[in-house]
Amino acid sequence: MLDIREIRDNPADFRARLKARGGAHWNLIDDVLACDESRRRAETGKQTLQSERKQTSKQIGLLKSKGEDTSAIEAEVRGINDKIAALDAEADAATQRQHELLMSIPNLPHPDCPPGENESANPVVRTWGRSRRSSSRRTT
């Protein structure tokens, strides 16, 4: 499976090398990056809300120690929990889709590999020994 960090750092190289391999897999790079962006945005939002929930929970503790009513703030925390759960589900869905896309993209060909859809585009670099196809066999 391809590394998302490498795709994120150099998507043009991935597209070009996949185009050289042949097929339409190079089109999936944009989809992978969109899933990655969605996942990262959801994770960042979730972390922000968790921080907000922690601050609010501390405030509830202080108010309760003073004997004040905290029901409004507790309702706010429940709302934050719901938002966190929604963002968590969004991040999980984006992660799953990204994983599926990454698994469907083939390995990259070597940069020196000539473009082509199959081995017929590959030049012969060197040979060694006799070819089995060209050697004559004695039949008895």
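Is Asp 36 buried or exposed at 3% relative accessibility?

We're looking at a predicted model here. Asp 36 belongs to helix H3, and with a relative accessibility of 3% it counts as buried, because the cut-off for buried is under 20%. Setting aside neighbours within four places in sequence, Asp 36 is in contact with Ile 4, Arg 8 and Gln 98.

Ser 38 is in helix H3 too. What does a relative accessibility of 19% make Ser 38, buried or exposed? Buried is the call, since the limit is under 20%. Once residues up to four places away in sequence are left out, Ser 38 touches Glu 90 and Ala 94.

## How H2 and H3 pack

Now for the helix pair. Helix H2 covers residues 11-21 and helix H3 covers residues 28-65. Their axes lie 9 Å apart, and the packing angle is about 150°. H2 and H3 are therefore roughly antiparallel to each other, as angles over 145 degrees get that label.

Who meets whom? On the H2 side you'll find Pro 11, Phe 14, Arg 15 and Leu 18, and they meet Ile 29, Asp 30 and Leu 33 of H3. Sorted by type, the residues of this contact come out as 5 nonpolar and 2 charged, with no polar ones.

## Rings and charges

If you like aromatic pairs, there's nothing to report: a search of the whole structure turns up 0 of them. There is a charge over a ring, though. The charged end of Lys 19 sits over the ring of Trp 26, at 4.1 Å from the ring centre.

## Thr 95 in H4

Helix H4 runs over residues 71-104, and Thr 95 has its place there. How exposed is Thr 95? Partly: its relative accessible area is 37%, so it falls between the 20% limit for buried and the 50% limit for exposed.

## After H4

Last stop is Ala 121, which is found in the segment after H4. With a relative accessibility of 31%, Ala 121 counts as partly exposed. Which residues does Ala 121 contact, leaving aside neighbours within four places in sequence? They are Pro 114, Pro 115 and Gly 116.

Conventions:
Residues numbered from 1 in each chain as written. Predicted model: local features only at pLDDT ≥ 70, side-chain atom pairs only at ≥ 80, totals over all residues. Heavy atoms only, no water. Phe/Tyr/Trp six-rings, centres within 6.5 Å; stacked < 30°, edge-to-face > 60°. Lys NZ or Arg CZ within 6 Å of the ring centre and 35° of its normal. Axes fitted to C-alpha atoms, helices over the stretch in contact; angles between N-to-C directions. Helix = DSSP H or I, 4+ residues; strand = E, 2+ residues; numbered from the N terminus. Parallel < 35°, antiparallel > 145°, perpendicular 65-115°, else oblique. Contact = heavy atoms within 4.5 Å. Nonpolar A, V, L, I, M, F, W, Y, C, P; charged D, E, K, R; others polar. Buried < 20%, exposed > 50% of the residue type's maximum accessible area, 1.4 Å probe, protein only.
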